[in-house]
Amino acid sequence: MTRTYLIIIFCLLAVSSFAQSKSKCVEDMEKLYELLKKTPSYKSQIKGKDAKQYQRLVQHLEWRVRNTSDQFECFCKLAELFDPIKDNHLGFYQLPHTYIDPSLYDDPYVVKAYRKSPESKNFPRIDTDLDSLENLLAAKPESDIEGVYHYDTYLKAGLLKTENPDSLVAVILNTEIPNWEKGQIAFVLRKQEDTEHYTAYYAHPVHKVFLLVNNEKFTNGSFPESRFYGSLSNAIWRKNRMPAEDFSSLPDNYQTYELKQLNEQTQYVRLGSFSASKANVMFSDLFYTKLENDLQAKNLILDLRNNSGGADKVAKKFLKLLGNYAEEHKIYAIVNNRTFSEAEKFIIELSKHENVTTLGETTNGTLAYGSNLGTKITLPSGDFQVYLTDTKDSGNYLNYEGKGLAPDVALNPQKDWIEQVKEEIKQRN
């Protein structure tokens, strides 16, 4: 077992170490603690005995990292400060220092120089028989979280349990990206208490920096939160590299706003964003006017798939219009795991109307808090950055944080969702 693998176990099993002097990691932890204490989510949740317990957690973690110089070990310990706070809008990630730009992947001199860099040499890895490991994991059924996973055609990794049965580590088995080497760690998962969710530490496919995901799920043989901005693909880590068509989601270029007549008694409305950008506000206002004039069918299929939220000022006009519409008409609202933030608040409020039925899959569970300022602060070491939230839970949504809203009717992801909803309408009428 290598030193780096031991570091991973330290992250997962809370093994301690001793030291005499303050490390950069301790300074980062003190700063992170100071920043988190100022967030609305911390102030509303961590009080009294919980605040004292949280302070003890900070002190314990500081003690464990007093002599570490390993960035990954430090990242793991710093990430534990987010565990007691239910706020999935908070962000935490490493900052990139050295990596290969995709435009230079074919340059052997650049690749050779990177392989000699400290970032490459010190990247966490496992030294083991990878062929035997792959054969073992390939035999796991799709319903088992352990197994072989793919990130598009670029990376293949084996996910296996550690000595702690509630924690797993994914090791690279094959790579088409010169940034990566076999045996390096692609991601780590920690099972959350009393939920089916995981805390994930994902390494970015291009930048090879770890980022914290507090709300991961294992569903349909994949990890839906493993999407990476600025990567080579919009793929996620999944067991089946070429999965069957998945109707639960929508392509990124799908129309944001749409109204169409499906049949004499049913209309379809697409609300794909509540963004407060200048362009989207203009388009949403124009579409709202269209809905006011043309919304009239007995049944309405409302599509909120992949609506990542936005601003209340954009959502509330649609909420009022559709709420009034639901007084005399039936609304069938489609939601998925990519329905989150302001869109989750929207469907929770809309579903309070008796004539509204939700269909699809459970929403994301990232809604109680948010950020108007988009504040990002780099910790003293320069190795990590935290994204802070600044809005309060204004609608008692904390019970949905990390859980989401479960639909009234679950839909089969391998069959067309619009057709399934039309069949549901037919059966009810």
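Analyst: Helix 4 carries the exposed residues K49, K52, Q53 and R56 on the face turned away from its buried side. Exposed means over 50% relative accessible area, buried under 20%, and partly exposed in between (1.4 Å probe, protein chains only). Helices (H or I, at least four residues) and strands (E, at least two) are DSSP runs, numbered from the N terminus. This is a predicted model: local features need pLDDT of at least 70, side-chain atom pairs count only at pLDDT 80 or more, and totals for chains, interfaces and linings use all residues. Residues are numbered from 1 along each chain as its sequence is written, and side-chain values use heavy atoms, with hydrogens and water left out.

User: Which residues of helix 4 are buried?

Analyst: An α-helix has 3.6 residues a turn, so residues three or four places apart point the same way. In helix 4, Y54, V58, L61, E62 and R64 are buried. Seen down the axis, these buried residues fall within an arc of 160 degrees, so they line one face of helix 4; the arc is that of the directions from the helix axis to the C-beta atoms.

User: In what order do the six strands of the open sheet lie?

Analyst: Strands of a sheet pair through backbone hydrogen bonds, either parallel or antiparallel. Here the order is 9-10-11-12-13-16, with mixed pairing; two strands pair if DSSP finds at least two bridges between them. Strand 9 (257–263) and strand 16 (409–410) each have a single partner strand, so one side of each is left without a neighbour in the sheet.

User: How many bridges join strand 9 to strand 10?

Analyst: Six, and the two strands run antiparallel. E258 stands opposite R270 in strand 10.
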